[in-house]
Amino acid sequence: MANPPSDERYLALKAVMMPRDTNPHGTIFGGVILSYIDQAGAVGAYHEIRQWGTDRKPMVTVGMKSVEFHRPVFVGDVLSFWTHLVREGKTSITIHVEVQAEREGQLEKLTEAEVTYVAIESAGEQRRPVRIRDK
């Protein structure tokens, strides 16, 4: 049973951008932002699952789409990673992640993406999808 998308945002993560994460142009390397987006999306997914009253299950990232880098990220930026539910499937959950920074007193959208996670059950080296909700 799919739930409608949620308009409620959840602050899943905050991080300060450090000099070690810069690219040759002096801005933060996109791969670093993608890593934080994946972490924030997982935190947001677990938040949604808690709201349903469902037991936490192991989840893996299966896809990231619609990644858009709107503005560069600079050393010293404090990034806020906001999440909200896009869709729930039988074994998966898709989370929208928006990355913002406060600059000159204004919030600025820097990056956004949709990340999909699948609940799994591990048996040794094998993994198989399982229902995301206890039903």
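**The whole chain.** Begin with everything shown as a cartoon, and keep in mind that this is a predicted model. Along the principal axes, the C-alpha atoms fill a box of roughly 50 × 35 × 20 Å. Of the 135 residues in the protein, 42% are buried.

**The core.** Next, select Met17, Ile37, Met59, Leu79, Phe81 and Ile93, which are the residues that touch the most other members of the largest nonpolar core, a set of 30 residues. The elements that each give two or more residues to this core are S1, H1, S3, strand S4 (92–103) and strand S5 (106–123). H1 provides the largest share, with nine residues. As general background, nonpolar side chains in soluble globular proteins tend to be buried together.

Tyrosine 36 belongs to helix H1 (residues 30–52) and phenylalanine 81 to strand S3 (residues 78–88), so the pair ties together parts that are 45 residues apart in sequence. Both tyrosine 36 and phenylalanine 81 are buried, and a search of the whole structure finds one aromatic pair.

**Two charges over rings.** Now select arginine 9 together with tryptophan 82, and look at how the charged end of the arginine sits over the ring of the tryptophan, 4.0 Å from the ring centre. Then move to arginine 56 and tyrosine 46, where the charged end of arginine 56 sits over the tyrosine ring, at 3.8 Å from its centre.

**A patch on the surface.** For the last stop, switch to a surface view and select Val16, Met18 and Val78, which form a nonpolar patch there, with about 220 Å² of accessible area together. Valine 16, one of the three residues of this patch, is found in strand S1 (residues 10–16).

How values were computed. Residues are numbered from 1 along each chain as its sequence is written. This is a predicted model: local features need pLDDT of at least 70, side-chain atom pairs count only at pLDDT 80 or more; totals for chains, interfaces and linings use all residues. Side-chain values use heavy atoms; hydrogens and water are left out. Rings of Phe, Tyr and Trp (its six-membered ring) pair if their centres lie within 6.5 Å; planes under 30 degrees apart count as stacked, over 60 as edge-to-face and the rest as tilted. Helices (H or I, at least four residues) and strands (E, at least two) are DSSP runs, numbered from the N terminus. Buried means under 20% relative accessible area, exposed over 50%, partly exposed in between (1.4 Å probe, protein chains only). A charge sits over a ring if NZ of Lys or CZ of Arg is within 6 Å of the ring centre and within 35 degrees of the ring normal. Patches are made of residues with over 30% relative accessible area and no salt bridge: like charges are joined within 9 Å, nonpolar side chains (Val, Leu, Ile, Met, Phe, Trp, Tyr) within 5 Å. Accessible areas come from the Shrake-Rupley method with a 1.4 Å probe; for residues, only the protein chains shown count as cover. A salt bridge is a side-chain nitrogen of Lys or Arg within 4 Å of a carboxyl oxygen of Asp or Glu. A nonpolar core is a set of buried Ala, Val, Leu, Ile, Met, Phe, Trp, Tyr and Cys residues joined through side-chain atoms within 4.5 Å.
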